[in-house]
Amino acid sequence: MNTSAAPETGALQRLRRVLVQPHGDRAWDLMLRSIGVLALAGIPVSVAFPRSIPLIWLAIVSLPASGPLGPVMPAALEPVVMEAAKYEAAIWVTLVALATYVYMEFINRHIYRWVLDREMLSRFRHHRRVQTAVRYFAKYPFATVAIGAATPFPCWVLRILAVLHHYPMRPYLTAIAIGRFPRIYLYAWLGSFLRIPTVVLLAVVFGSTAAVLLHRAVKKVRGRAPAAIHPIGEPEIG
């Protein structure tokens with residue numbers, strides 16, 4: 001009589017609960033599971049190809065920097081790219097960072113659509129300024145996304161406009177990739193050329209994060225209204 005099937009089934013069920021069942025905020029669930037899957041997949045890859053370790057590390061670290069932590073850590077991805085470029089060619093660093101960014105943007109778009117469909121945000125969706133912005137976005141959606149992705153323009157604004165305009169996912173992600181590629185490559189090239197000390201890059205990451213948290217704390221003390229979408233972004237309509 002084979003008794004190994006029951007424990008195996010139980011183990012598979014527990015694994016399924018960990019990977020599928022929600023444990024909290026959707027953005028955090030997806031991000032943490034993506035990091036776990038990527039880390040597990042990276043083990044055999046790094047063993048077979050040791051030179052790929054900096055790129056695997058970059059992919060894992062880039063996920064939270066491009067996901068829910070993005071608004072809190074606005075200057076995290078660029079220093080990570082510059083650090084990775086010390087150990088690998090700028091083009092490979094760019095492609096890996098861009099792939100993880102586009103992947104997280106795909107997830108973020110779905111999360112934003114789920115959040116914006118909620119009845120409690122009906123007033124926000126139909127606000128005069130929001131509708132005006134959507135109409136302007138509808139004239140040149142691809143160019144708007146590509147140019148916005150290439151600049152420091154807040155990406156959560158692009159996501160909101162794309163969702164409210166029902167802009168298709170494929171051209172949206174294509175525009176994101178086109179806009180982000182030169183920007184990420186520039187930071188990768190600077191990282192390989194300047195080779196800024198790691199402690200300075202860490203200071204930029206934690207300094208910018210502290211500034212954002214301090215700004216939010218001041219807003220809370222002053223009694224400002226909380227963000228309409230939390231923790232993914234901060235759309236505020238006055």
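**Figure 1. Helix 8 and its cover.** Helix 7, helix 9 and helix 10 are among the elements that cover the buried residues of helix 8. Here, helices are DSSP runs of H or I with at least four residues, strands are E runs of at least two, and both are numbered from the N terminus. Buried means under 20% relative accessible area, exposed means over 50%, and partly exposed is what sits in between, with a 1.4 Å probe and protein chains only. The buried set in helix 8 is Pro141, Val145, Ala146, Gly148 and Ala149. They span an arc of only 165° around the axis, so they sit on the same side of helix 8; that arc is taken from the directions running from the helix axis to the C-beta atoms. A quick note on the model: it is predicted, so local features need pLDDT of at least 70 and side-chain atom pairs count only at pLDDT 80 or more, while totals for chains, interfaces and linings use all residues. Residues are numbered from 1 along each chain as its sequence is written, and side-chain values use heavy atoms, with hydrogens and water left out.

**Figure 2. The largest nonpolar core.** A nonpolar core is a set of buried Ala, Val, Leu, Ile, Met, Phe, Trp, Tyr and Cys residues joined through side-chain atoms within 4.5 Å. The largest one holds 47 residues, and Leu58, Val81, Val93, Leu116, Tyr172 and Ile176 touch the most other members. Two or more residues each come from helix 3 (53-66), helix 4, helix 5, helix 7 (128-139), helix 8 (141-150), helix 9 and helix 10. Helix 5 is the top contributor to this core, with 13 residues. Zoom in on Val93: leaving aside residues up to four places away in sequence, it touches Leu55, Leu58, Val81, Ala84, Ala85, Glu88 and Ala188, where contact means heavy atoms within 4.5 Å.

**Figure 3. Salt bridge Arg183–Glu78.** The whole structure has three salt bridges, each being a side-chain nitrogen of Lys or Arg within 4 Å of a carboxyl oxygen of Asp or Glu. In this one, the side chains of Arg183 and Glu78 meet at 3.2 Å, N to O. Arg183 belongs to helix 10 (residues 169-194) and Glu78 to helix 4 (residues 77-84), so the pair ties together parts 105 residues apart in sequence. Arg183 counts as buried at 17% relative accessibility, and Glu78 is buried too, at 14%.

Figure 4. For Arg159 and Glu105, the closest N and O atoms are 2.6 Å apart. Because Arg159 lies in helix 9 (residues 155-164) and Glu105 in helix 5 (residues 90-116), this pair ties together parts that are 54 residues apart in sequence. Arg159 is buried at 8% relative accessibility, and Glu105 is buried at 0%. Glu83 and Lys86 make a salt bridge at 2.9 Å, N to O, and both residues are buried.

**Figure 5. Two positive phi angles in loops.** His166 isn't a glycine, yet has a positive phi of about 60°. His166 is in the loop between helix 9 and helix 10, and is exposed with a relative accessible area of 68%. Arg195, also not a glycine, has a positive phi of about 50°. Its place is the loop between helix 10 and helix 11 (198-221), where Arg195 counts as partly exposed at 46% relative accessibility.
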